[in-house]
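Here is a short tour for anyone who likes to know who sits next to whom in a protein. Please keep the viewer open as you read.

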Amino acid sequence: GWFCEVLSEGNMSEGDEFVLVERPQPKWTLQELALAIYGGEGDSSAYIRCKPSWGRSMEELEELIALPYLADCGWKQKLETIKRHNIERLQPIPYFTKYLPSHNEGTVASVLGVYGRGKDDDEYMHRVQVENATFQPLQGIKGHSFWHMYGEGALEMKTIERSQRAVLLQTVQNYRKIMQANFECFPETEMDVVLDPCFGEQLIIDCPDDICLGDVWAVTGSTARFRVTSPRKPCNEIDNRNGAMYGPRGLRLFTLPRGLAGIFCLVEAEGKVEKGSKFELVERPYPQWSMVELSKAIYGGEGDPKAIMRGVGSWGRPVKELHKLIQNPYLAEYEWKDELRKIAKKLEKKGGRSRKNSVSLMSLRGLELRNAWIPFIIAFFVAMFSCLMIMVHDQQNGY
């Protein structure tokens, strides 16, 4: 179908004829327009995701943007975004981390992009890049509302659970690892993800070092401070957003056990963050629990190889470590401590059944040992009885 603007009011009824009275743009038929913007000419993966792209000349792109009759929503606005991105792609990213000092000198990360909530309801996890933003406890980005503030089930969460998900950040290092997996519809360059983030994050940072549970990152020149609470446990929205299939070959189950879907943080102190801001590591209480290690321990299928295909938790390490993680003061409750408690309960029940079975087996073995003597006892009494009968018989016959 196609949309029209009503130029003048009038009645219309079935059987009326339409007469063409003006055709200012014969070149741009609706089929040609749809093919040029949504036909995947500039990016074949965009066609699969129903996203716009451009593979023709910049002159034609500017010609379309200048057309007075082209609709803004879904068309002209998309073309303007494509034009801006095409220009930005030609420019280097100026904010990459230049060096990595040792932990004693302060590990540094650079902010490559800051993103607010977009208004395109037709696009999964739509984000818009902003020059800077103020981050607040619980809310996250001031003036923007994300799932932890409005999502189904989120309002039933405790305040601390929502606070632990106030900010979702992603690293360019994670993006590089995913790119190496060659997902069909996933972006191929770092600039592509900086311009159009794929995980619904609010921050993309360049952090050559590991990020660990409980890390505190201070923003240089700002009062903002962030505490790392967990990796992100991705849902199917990740597959939807990136045109990936569901299941074992999808993006969700690829990123979950590897800790690549993003990192949740609690905002410890309000402050401003902008492109080019530097993050400095000021506290690292649990260096043994990197985001990768934490994801691997809980969602890596170590306790049950089948669990990794279902995206559920399991535990294959010492139970003592499991209980230590449950008691960890910084690990997020939602999807992490909750999952660990379920695992601990299952292991406890399994252990109870094992002990019960062990006791039953020992009782059975004891019974078997006791019963093993019965034939000998019977044989003994039969023999004694036989001897007694012989003795009685001999006495009666005078022997």
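Predicted model: local features only at pLDDT ≥ 70, side-chain atom pairs only at ≥ 80, totals over all residues.

Strand β3 (residues 132-136) pairs with β4 over two bridges, in the antiparallel sense. Both strands belong to an open sheet of three, with the order β4-β3-β10 and antiparallel pairing. In this sheet β4 (140-141) and β10 (271-274) stand at the edges with a single partner strand each, so one side of each is left without a neighbour in the sheet.

As a reminder, strands of a sheet pair through backbone hydrogen bonds, and they can do so in parallel or antiparallel fashion.

## Phe135 and the nonpolar cores

Which residues touch the most other members of the largest nonpolar core? They are Phe135, Phe226, Val273 and Ile298, in a core of 43 residues. Helix α11 supplies the largest share of this core, with five residues.

Leaving aside neighbours within four places in sequence, its contacts include Val114, Val167, Leu203, Phe226, Val267 and Val273. Another core, of 23 residues, lies apart from the largest one; Ile93, Ile178, Phe199 and Leu260 are among its members.

## Helix α3, one side in and one side out

Helix α3 (residues 58-66) has four buried residues: Glu60, Leu61, Leu64 and Ile65. They lie on the same side of α3, because they cover an arc of only 140° around the axis. Glu59 and Ala66, on the other side of α3, are exposed. The cover over the buried residues of α3 includes α1 (30-38) and α4 (72-89).

## Salt bridges across the chain

How many salt bridges does the structure hold? There are 19. In one of them, the side chains of Asp215 and Arg284 meet at 2.7 Å, N to O. This pair links distant parts of the chain, 69 residues apart: Asp215 is in the loop between β6 (203-206) and β7 (216-219), while Arg284 is in the loop between β11 (278-283) and α11 (291-299). Are these two partners buried or exposed? Asp215 and Arg284 are both buried.

Two further pairs are worth a look. Glu268 and Arg227 form a salt bridge whose closest N and O atoms are 2.9 Å apart. It links strand β9 (residues 263-269), where Glu268 sits, to strand β8 (residues 225-231), which holds Arg227, 41 residues apart. Glu268 is partly exposed, with a relative accessible area of 36%, whereas Arg227 is buried at 8%.

The side chains of Arg317 and Glu293 also meet in a salt bridge, at 2.7 Å, N to O. Here the partners are 24 residues apart, with Arg317 in the loop between α12 (307-310) and α13 (319-326) and Glu293 in helix α11. Arg317 counts as buried because its relative accessible area is 18%, under the 20% cut-off. Glu293 has a relative accessible area of 25% and is partly exposed.

Key
Residues numbered from 1 in each chain as written. Heavy atoms only, no water. Buried < 20%, exposed > 50% of the residue type's maximum accessible area, 1.4 Å probe, protein only. Arc of directions from axis to C-beta. Contact = heavy atoms within 4.5 Å. Salt bridge = Lys/Arg side-chain N within 4 Å of Asp/Glu carboxyl O. Pairing = 2+ DSSP bridges. Core = buried A, V, L, I, M, F, W, Y, C linked by side-chain atoms within 4.5 Å.
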